[in-house]
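Trainee: Please take me through this entry one feature at a time, and give the cut-offs as you go.

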Amino acid sequence: GKKADLQALELPHNPQLSAVGVQSLVAAALEEASTLQEIDLSYNPQLGGSTIAAVQPLLRLKTSKIDTLRLADCGLKVGDVASLAESLEKSSLRTLDLSLNALT
């Protein structure tokens, strides 16, 4: 059958979500047939810095159609965001939400 044309995946406040789960979601988002444009992982502080390594392929690979990434209150620190910034150069992101993370 025909797959759904899912454009946004919102998983805020999901305490069972782990870095392994995020990696699986990213792999699905990078499939050629994926129409996913937005991923919201906000309010999952248990993810922490492991989130960055998991989402970096979304920013580096040309097959990614992701233009919005929300990582508000994901337990990120300054070093995590610095690592993320390295991937943004080739990214097609238009919106990146890092609010409510300890970035000072």
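**Segments, packing and charges**

Trainee: In which segment does Leu-100 lie?

Mentor: This is a predicted model: local features need pLDDT of at least 70, side-chain atom pairs count only at pLDDT 80 or more, and totals for chains, interfaces and linings use all residues. Residues are numbered from 1 along each chain as its sequence is written, and side-chain values use heavy atoms, with hydrogens and water left out. Helices (H or I, at least four residues) and strands (E, at least two) are DSSP runs, numbered from the N terminus. On that basis, Leu-100 lies in the segment after strand S4 (95–97).

Trainee: Near which value is phi of Leu-100?

Mentor: Leu-100 has a relative accessibility of 57% and counts as exposed (over 50% relative accessible area; buried is under 20% and partly exposed is in between, with a 1.4 Å probe and protein chains only). Most residues other than glycine have a negative phi. Leu-100 is a residue other than glycine with a positive phi, near 60°.

Trainee: And near which value is phi of His-13?

Mentor: His-13 sits in the loop between strand S1 (8–10) and H1, and is exposed at 58% relative accessibility. This residue, again not a glycine, has a positive phi near 55°.

Trainee: At about what angle do H1 and H2 pack?

Mentor: Two packed helices are described by the angle between their axes and the distance between the axes. The axes are lines fitted to C-alpha atoms over the stretch in contact, with angles from 0 to 180 degrees between N-to-C directions. H1 and H2 are roughly parallel to each other (under 35 degrees; over 145 is roughly antiparallel, 65 to 115 roughly perpendicular, the rest oblique). Between helix H1 (residues 19–29) and helix H2 (residues 50–60) the axes are 9 Å apart, and the angle is about 5°.

Trainee: Which residues of H2 meet H1?

Mentor: Contact means heavy atoms within 4.5 Å. The H1 side supplies Ala-19, Val-22, Gln-23, Val-26 and Ala-29. Facing them in H2 are Ser-50, Ala-54, Val-55, Pro-57 and Leu-58.

Trainee: Is Val-22 buried or exposed, and what is its relative accessibility?

Mentor: Val-22 belongs to helix H1. Leaving aside neighbours within four places in sequence, Val-22 contacts Leu-17, Leu-41, Leu-47, Ala-54 and Val-55. Val-22 counts as buried, with a relative accessibility of 1%.

Trainee: What covers the buried residues of H2?

Mentor: The buried residues in H2 are Thr-51, Ile-52, Ala-54, Val-55, Gln-56, Leu-58 and Leu-59. Their cover includes H1, S2, S3 and H3.

Trainee: How far from Asp-80 is the nearest side chain of opposite charge?

Mentor: Asp-80 lies in helix H3 (residues 78–87), and touches Gly-49, Ile-52 and Gly-75, residues up to four places away not being counted. A polar atom of its side chain is 2.8 Å from the backbone nitrogen of Lys-77. A salt bridge needs a side-chain nitrogen of Lys or Arg within 4 Å of a carboxyl oxygen of Asp or Glu. Asp-80 is buried and has none; the nearest side chain of opposite charge, that of Lys-77, is away by 6.2 Å.

Trainee: Then which residue forms a salt bridge with Arg-70?

Mentor: The count of salt bridges comes to one. Arg-70 is in strand S3 (residues 68–70) and Glu-38 in strand S2 (residues 38–40), so the pair ties together parts that are 32 residues apart in sequence. Arg-70 is partly exposed, at 26% relative accessible area. At 3.3 Å, N to O, the partner of Arg-70 is Glu-38.

Trainee: What separates the C-alpha atoms of Gln-37 and Thr-68?

Mentor: Gln-37 is in the loop between H1 and S2 and is partly exposed at 33% relative accessible area. Its contacts, apart from neighbours within four places in sequence, are Gln-7, Lys-65, Ile-66, Asp-67 and Thr-68. Although Gln-37 and Thr-68 are 31 residues apart along the chain, their C-alpha atoms are separated by 6.5 Å.

Trainee: What is the C-alpha separation of Leu-9 and Glu-38?

Mentor: Leu-9 is in strand S1. Beyond four places in sequence, Leu-9 is in contact with Leu-25, Leu-36, Glu-38, Ile-39 and Asp-40. Leu-9 and Glu-38 are 29 residues apart along the chain, and their C-alpha atoms are separated by 6.2 Å.

Technical notes:
Lys and Arg count as positive and Asp and Glu as negative; His and the chain ends are not counted. A polar contact is a pair of N or O atoms within 3.5 Å; within protein, one must be able to donate a hydrogen and the other to accept it, and residues adjacent in sequence count only if both atoms are side-chain atoms.
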